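Work through the exercises below with the sequence and the coordinates at hand. Each task is followed by a solution that goes step by step.

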Amino acid sequence: MRSSVLVSAILSSIVGSVVGGVMLGYWLDSNFDTSPVFVIIGMLLGISAGFYGVVRAVKPFLGDDD
């Protein structure tokens, strides 16, 4: 059960961040007529935010090696 919650948190973090970044980029591109600059920037920021969320979700399960 614990692992399924972790996998769900990881997937929702990655997918949610990327979709949110792309949607925000699409909206900015449509308002400023700069297609596809902001979509690409939003996607890259979404990927970065998703991986940051994954690191935060997984970190408590890795233990303290220091």
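A residue counts as exposed when its relative accessible area is over 50%, as buried when that area is under 20%, and as partly exposed in between. The coordinates belong to a predicted model.

**Exercise 1.** Classify D33 as buried or exposed, and describe its backbone and its place in the chain.

Solution. Begin with accessibility: the relative accessible area of D33 is 71%, so D33 is exposed. Finally, read the backbone angle: phi of D33 is near 50°, which is a positive value in a residue other than glycine.

**Exercise 2.** Find the cis peptide bond and say where its proline lies.

Solution. Inspect omega for the bond from S35 to P36, where a value near -5° identifies a cis peptide bond. Then place the proline: P36 belongs to the loop between helix 1 and helix 2.

**Exercise 3.** Compare the span of helix 1 with the expected one, and list the buried residues of this helix.

Solution. Helix 1 covers residues 2-32, that is 31 residues. From its first C-alpha to its last, helix 1 reaches 45 Å, which is close to the 45 Å expected at 1.5 Å a residue. Turning to the side that is covered, the buried residues of helix 1 are L6, S13, G21, G25, L28 and D29, and helix 2 is included in what covers them.

**Exercise 4.** Determine how many aromatic pairs there are, and decide what geometry applies.

Solution. A pair of aromatic rings is described by the distance of the centres and the angle of the planes. With ring centres required to lie within 6.5 Å, the count comes to one aromatic pair. The rings are those of F32 and F38, whose centres are 6.2 Å apart and whose planes meet at 50°, so the pair is tilted. As for accessibility, F32 counts as exposed because its relative accessibility is 55%, whereas F38, with a relative accessible area of 27%, is partly exposed.

**Exercise 5.** Describe the nonpolar surface patch that contains I40, and place I40 in the chain.

Solution. The patch on the surface is formed by I40, M43, L44, I47 and F51, which together have about 440 Å² of accessible area. I40 is found in helix 2, which runs over residues 37-62.

Definitions and conventions. Residues numbered from 1 in each chain as written. Predicted model: local features only at pLDDT ≥ 70, side-chain atom pairs only at ≥ 80, totals over all residues. Heavy atoms only, no water. Patch = residues over 30% accessible without salt bridge, like charges linked within 9 Å, V, L, I, M, F, W, Y side chains within 5 Å. Areas by Shrake-Rupley, 256 points an atom, 1.4 Å probe, with all protein chains shown as cover. Salt bridge = Lys/Arg side-chain N within 4 Å of Asp/Glu carboxyl O. Helix = DSSP H or I, 4+ residues; strand = E, 2+ residues; numbered from the N terminus. Phe/Tyr/Trp six-rings, centres within 6.5 Å; stacked < 30°, edge-to-face > 60°. Buried < 20%, exposed > 50% of the residue type's maximum accessible area, 1.4 Å probe, protein only. Expected span 1.5 Å × (residues − 1). Contact = heavy atoms within 4.5 Å.
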